[in-house]
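Please look at the model below and work through the questions in order. Each answer ends on the name or value asked for.

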Amino acid sequence: MEDYADSDNEFYYNEEEEDDDDNSLNSIQDVNNHVFFSHPSGSSIKVITKESLRVAQKEDLHRIMDLLSLKEHHARTLLIHYRWDVEKILAVLVERGKDHLYVDAGVRVTDNANPCSSSSFLVCDICIEERPANKFTTMDCGHYFCNDCWTEHFIVRINEGQSRRVRCMAHKCNAICDDGKIRNLVSMRDSAAAEKFDRFLLESYIEDNKRVKWCPSVPHCGNAIRVEENDFFEVECTCGHQFCFSCSCEAHSPCSCLMWKLWAKKCQDESETVNWITSHTKPCPKCHKPVEKNGGCNLVVCVCSQAFCWLCGGATGREHTWSSIAGHSCGRFKEDDLNKTERAKKDWWRYIHYHNRYKAHTDSYKLEAKLKETIQQKITSLEDRETTSKDFSWVTNGLCRLFRSRRILSYSYPFAYYMFGVELFPDELTMEEREIKKNLFEDQQQQLEANVEKLSLCLEEPFHTFEDDKVMETRMRIITMTNIVDNLCRKMYECIENDLLESLQHTTHKIAPYRSKGVEKASQLSDGQIQNYTCDKYSGSNVILMKRMSR
């Protein structure tokens, strides 16, 4: 399947205003063959690198440690259990109390007497051996076992990939072990396992955090993306890879995540080709190869020389008349078989309709990507003329709009395929309602399609050879078309969100919101931004928490 997964031709819209005089084609940057339109550094979506990951994790840890007067390993246990959602921890603390908060997460903060300090020798309940007391380790829950048994338990859990929440070995004890003690014991026997343990704890900030996800680039760039609130975002990492934050697939709006996954699988598996073969051919009863009938006679002969009846598929001899085959009878006509065949043919042609248009806009997008170089040459030619204006933002804005709208058009066809079919929503709409909504959507889709083609033609014109008056005329035409296409894209999204998806009763499909300036590019997360982010996000939490606890 050909689609936008290859980011060699990715384009992102400049974050400046449409009429900003400072816009130029220089804002279209090439980084490792990835083409994108840069955004300002003030993005609410941040990139967490390997260097900033530890600092980002420490900020949340210290927040919980200061708020609840906990040790670091207790704070980490709480955060991992609640998926690094500080607001969720505060909400549970206020609504259900500290004891319930700790029990659910497996945190034990009681000051139990250490039995290892009162006896010189102890018996381990795991290996049933008596050892010196200094060879035992006691966890926060009060249970103690010999260091050898603890170490074996920890190494097994680490190798199983379950080291983020290692529970106590005691029967029915749900307490989470102190990661500092785990690290000390494991490092004395297996330094590699200790390093793996530290890496798992560090990466839990990403893998257990619903607001942070790894960039799914291949090969992996090592970055993670953090969003502030809504996870239905389309984001672009600093490595140049663009993806849907919700499902980690390529950016696919206005398709929902489920729609896009089904469409990608349908195209990849070529399941509709199999469907066509099923509806147009029948297997030979001898060699089982598919055979297509090319005449009116129902006696069909395979290339292996086996004759069989087209109606029932049964093997026969070669003798036949106009009305029957010698020694063979099919029985009665089966209405169900005919209905299945006709339905398969209809589904096949419906899929072909939407796939052809999806593919056409995908191909147009890739061909139009070459316009960047051509536009630059045209701008250079115009800059050499003394009489023309030096502001060419109307060209770059038009080019950005063309790329963005072409992508939207392409993905709108998979959306329509599932929205107005019966595969996903068999009981949501009546046939009459489905037809009305389909016509409404297709009207907007066709308007957008027609104006996108006009914009493409305008940008392909050799306006660098025009006289000044005609250049100004072309400028106004491109600006007008750019605004028209932007408005039509916005209206299509409004139609999808308000008139189509919102009307569904039995299921929920969400899409990434429309962004006039294109997919938002994540900005680098610095140490100062981490501290500001934490202070700004949770500055009001203490006040609210104290007020509620004082009641």
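Q: Between which two strands is the loop that holds Pro219?
A: This is a predicted model, in which local features need pLDDT of at least 70, side-chain atom pairs count only at pLDDT 80 or more, and totals for chains, interfaces and linings use all residues. Residues are numbered from 1 along each chain as its sequence is written, and side-chain values use heavy atoms, with hydrogens and water left out. Helices (H or I, at least four residues) and strands (E, at least two) are DSSP runs, numbered from the N terminus. The loop with Pro219 lies between β8 and β9.

Q: Is the peptide bond between Val218 and Pro219 cis or trans?
A: Most peptide bonds are trans. For Val218 and Pro219, omega is about -5°. The bond that joins them is cis.

Q: What is the phi of Trp84?
A: Trp84 sits in the loop between α2 (72-81) and α3 (86-96). Most residues other than glycine have a negative phi. Trp84 is not a glycine, yet its phi is positive, at about 55°.

Q: Which strands are at the edges of the four-stranded open sheet?
A: Strands pair if DSSP finds at least two bridges between them. The sheet runs in the order β8-β9-β3-β17, with mixed pairing. Two strands pair on one side only, and these edge strands are β8 (212-214) and β17 (523-524).

Q: Which residue of β17 stands opposite Lys46?
A: β3 (residues 46-48) and β17 pair in the parallel sense, over two bridges. Across from Lys46, β17 places Ser523.

Q: At what angle does α7 run to β8?
A: Axes are lines fitted to C-alpha atoms, for helices over the stretch in contact, and angles run from 0 to 180 degrees between N-to-C directions. α7 lies across β3, β8 and β9 (224-226). Its angle to β8 is about 110°.

Q: How are α6 and α7 oriented to each other?
A: The axes of α6 (residues 179-189) and α7 (residues 191-207) come within 6 Å and cross at roughly 150°. Angles under 35 degrees count as roughly parallel, over 145 as roughly antiparallel, 65 to 115 as roughly perpendicular and the rest as oblique. The two helices, α6 and α7, are therefore roughly antiparallel.

Q: How many charged residues are in the contact of α8 with α12?
A: Contact means heavy atoms within 4.5 Å, and among the residues that meet are Trp260 and Trp263 in α8 and Phe415 and Tyr418 in α12. Ala, Val, Leu, Ile, Met, Phe, Trp, Tyr, Cys and Pro count as nonpolar, Asp, Glu, Lys and Arg as charged, and the others, Gly among them, as polar. This contact has ten nonpolar residues, no polar ones, and of the charged class, one.

Q: How are the axes of α8 and α12 oriented?
A: These axes come within 10 Å. They cross at roughly 100°. α8 and α12 are therefore roughly perpendicular.

Q: Which helix gives the largest share of the lining of the second largest pocket?
A: At least two lining residues come from each of α10 (335-368), α12 (393-419) and α13 (431-460). By class, the lining divides into six nonpolar, one polar and eight charged residues. The largest share, five residues, comes from α10.
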